Amino acid sequence: LSQPSLSHAIKELEKEMNITLFHRSSKGVTLTSEGEEFLLYARQISEQINLMNRRYKDDEAPQQIFSVAGQHYAFVVDAFVRLLKQYEDHDYQATLKELRTYEVIEDVANLKSEIGIIYRSHYNRQVINAELEKKHSHFTPLISVKPHVFIYKDHPLADYEKIAPSDLDTYPKLSYDQGQHNSFYFWEEVLADFASRKTITVSDRATLFNLAIGLNGYTISSGIINADLNGSDIIARPLVSSDTIEIGYITNNMHTLKPIAHTFLEILTERLEVSVGSD
């Protein structure tokens, strides 16, 4: 479309819907809050039209499309692998993203990912719920677990049946970088405000595990480890704590999950239950 045609089409759309999609100024245009919400609906409609075209116009079998975002969890990767193995005989377009907490919420809110995997705790529940409500999204719990400490298998505390917070005092605490949203409420580690004399911030799971091995560092998480994907060097030990980790998934209230997304959630739930049951 030419620029005048595009501008006319947008103005006609605004008139038809009785909304203002853009703030216009000499510096350009930006979406209004109504425009951002409208875009979510438009993306969903466009996606459904593409699905119908692939289903009824294409001669070949329809391509499966699925995208999931999550915090740095190996069990999400495990479920994703098992999902795509079920579609080995089909064409698919799949995306798996390991993101910061706020980015996961944003990705689902903007329908860039169909599902987001995060956790809630007593500490962050109120802030997470408020952010999800603002983003027209919803959290569905899958499983609740007690906090565990991830450490190297030869760590001095490896033989402890349970680890008290005071036992960790001399070891480096490892955390994931949360960018500009670095509030304790968005940290991926439970008990994020737990005081530590040594702290290291990383951006990816492999680096965190390497530092746990090389420096006897630790991180506090769910205790769910996938040895098939991460090897046996990292182990989990229960942390003495009254807190609970509630792992679940977030979805956009304006989006209806596709069948492949439901299959993924079934696999994820089954893998979580197996992992916790074998702990």
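Hi everyone, let's start with Tyr-41, which is partly exposed, with a relative accessible area of 42%. Keep in mind that this is a predicted model. Tyr-41 sits in helix H2, which covers residues 33-56. On the surface, Tyr-41 belongs to a nonpolar patch together with Ile-45, Ile-49, Met-52 and Tyr-56.

Now let's go to Gln-71. Is Gln-71 buried or exposed? With a relative accessible area of 1%, Gln-71 counts as buried, because the cut-off for that class is under 20%. You'll find Gln-71 in the loop between strand S3 (64-70) and helix H3 (74-85). Its side chain makes a polar contact of 2.9 Å with the side chain of Thr-101. Leaving aside neighbours within four places in sequence, the contacts of Gln-71 include Glu-98, Leu-99, Val-104, Tyr-119 and Glu-188.

My last topic is the aromatics. How many aromatic pairs does the structure hold? There are five. One of them joins Phe-66 and Phe-80, stacked at 6.5 Å centre to centre with 25° between the planes. This pair links distant parts of the chain, as Phe-66 lies in strand S3 and Phe-80 in helix H3, 14 residues apart. Phe-66 is buried at 2% relative accessible area, and Phe-80 counts as buried too, at 10%. Then there are Tyr-73 and Phe-75: their ring centres are 4.6 Å apart and their planes meet at 20°, so this pair is stacked. Both Tyr-73 and Phe-75 are buried. Finally, Phe-66 and Phe-80 form one aromatic cluster with Phe-264.

Technical notes:
Residues are numbered from 1 along each chain as its sequence is written. This is a predicted model: local features need pLDDT of at least 70, side-chain atom pairs count only at pLDDT 80 or more; totals for chains, interfaces and linings use all residues. Side-chain values use heavy atoms; hydrogens and water are left out. Patches are made of residues with over 30% relative accessible area and no salt bridge: like charges are joined within 9 Å, nonpolar side chains (Val, Leu, Ile, Met, Phe, Trp, Tyr) within 5 Å. Accessible areas come from the Shrake-Rupley method with a 1.4 Å probe; for residues, only the protein chains shown count as cover. A salt bridge is a side-chain nitrogen of Lys or Arg within 4 Å of a carboxyl oxygen of Asp or Glu. Helices (H or I, at least four residues) and strands (E, at least two) are DSSP runs, numbered from the N terminus. Buried means under 20% relative accessible area, exposed over 50%, partly exposed in between (1.4 Å probe, protein chains only). A polar contact is a pair of N or O atoms within 3.5 Å; within protein, one must be able to donate a hydrogen and the other to accept it, and residues adjacent in sequence count only if both atoms are side-chain atoms. Contact means heavy atoms within 4.5 Å. Rings of Phe, Tyr and Trp (its six-membered ring) pair if their centres lie within 6.5 Å; planes under 30 degrees apart count as stacked, over 60 as edge-to-face and the rest as tilted.
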